[in-house]
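Q: Please take a close look at one part of the structure shown below. A connected account of its surroundings, with the cut-offs behind each term, would be appreciated.

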Amino acid sequence: MGIAFDYAPDRPEHIEAILNGLDRYNPETTTIFQDYVTQQCEDRTYDCYANLALLKLYQFNPHLTRDEPTTNILVKALTVFPSPDFSLLLHLLPPHILSPTSTSSASGPTPAAGDAPLSEAVQKLSLLNSLLEQANYSGFWATLDSDDLYADLIADVNGFEELMRVRIASCVGQGCREVERGVCEGWLNLSGKEFEGFVTEICGWGIDHSDGSTAVIRIPVNKENEAKGTVVREEVRFDQFSRVIRRAYEQPA
């Protein structure tokens, strides 16, 4: 049986009570959910269900929308990729936030104060999510280091880079058995002793220097990266086969 969508083992009791009652739609609970987002950022927990509830309150009460909790929710969603949480949360944001600021139509609705910076932040975080979905991990780190705005966006999320490194390593471990060291260093944005310590102590992978020129990272076999043969069996009854032969003989030359 899979894990329930709304399951969060670290969810406080008062948040659980709000989510299971009518107060979930009470605008007065907005500040409670915002404080809970801050708590998630600080203690490295994650509660998508509660974060969706906050964005839903913003949707019903646009005047209560705050940029920082919104971007923090999206940054936290990045740390649990390849789950679809980021896209799910993104679809609760208003259209004028999702549209690039440079292409906003002059005839369209005028964004509220603060919407332009939020739109830019959402676009940048969406780019990071796209790079992760494409497994372009080197591009993800390069983009993250390319603009000071990224540093501001992830500043509130404690251990963001470490969390991302663990998620990337998890995905690599599911799809690879061996990777050249240089490639793996780019994927994890680590080098030297830091890289060696992470792959051996945290990931449990091995470093093979037997080639001499290029070290190779060896990933142990697991149920995800193990090559499995598939036998395809096609059953054809004798009467079907005989009909095909008969039609071939009956066709005029």
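A: Leaving aside residues up to four places away in sequence, A50 touches I15, L19, F33 and Y36, where contact means heavy atoms within 4.5 Å. The model is a predicted one, in which local features need pLDDT of at least 70 and side-chain atom pairs count only at pLDDT 80 or more, while totals for chains, interfaces and linings use all residues. Residues are numbered from 1 along each chain as its sequence is written, and side-chain values use heavy atoms, with hydrogens and water left out.

A50 belongs to helix α3; helices (H or I, at least four residues) and strands (E, at least two) are DSSP runs numbered from the N terminus. With a relative accessible area of 1%, A50 is buried. Here buried means under 20% relative accessible area, exposed over 50%, and partly exposed in between, with a 1.4 Å probe and protein chains only. The C-alpha atoms of A50 and E16 are 8.6 Å apart in space, although 34 residues separate the two in sequence.

Helix α2 itself runs over residues 30-43 and has 14 residues. From its first C-alpha to its last, α2 reaches 20 Å, close to the 20 Å expected at 1.5 Å a residue; the expected span is 1.5 Å times one less than the number of residues.

Between α2 and α3 there is a loop that holds R44 and T45. R44 is not a glycine, yet its phi is positive, at about 65 degrees. R44 counts as partly exposed because its relative accessibility is 36%, whereas T45, at 14%, counts as buried. The side chain of T45 makes a polar contact of 2.6 Å with the side chain of D43. A polar contact is a pair of N or O atoms within 3.5 Å; within protein, one must be able to donate a hydrogen and the other to accept it, and residues adjacent in sequence count only if both atoms are side-chain atoms. Not counting residues up to four places away in sequence, T45 also touches D10, Q39, Q40 and K76.

F33 leads from this region to the largest nonpolar core, which has 59 residues and in which F33, F140 and F160 have the most contacts. To this core α3 gives the most, with nine residues. Such a core is a set of buried Ala, Val, Leu, Ile, Met, Phe, Trp, Tyr and Cys residues joined through side-chain atoms within 4.5 Å. Beyond four places in sequence, F140 touches L128, L131, L132, F160, M164 and I168.

F160, M164 and I168 are among the buried residues of α10, a helix of 16 residues (160-175) that reaches 23 Å between its first and last C-alpha, close to the expected 22 Å. R165 also lies in α10 and is buried, with a relative accessible area of 10%. A polar atom of the R165 side chain lies 2.6 Å from the backbone oxygen of L188. Residues touched by R165, beyond four places in sequence, include W141, N189 and F198. N189 is found in the loop between α11 (181-188) and α12 (192-202), and its phi is positive, near 55 degrees.

For the protein as a whole, the secondary structure comes to 13 helices and three strands, and 38% of the 253 residues are buried. Of the contacts between residues at least 6 apart in sequence, 60% join residues at least 24 apart.
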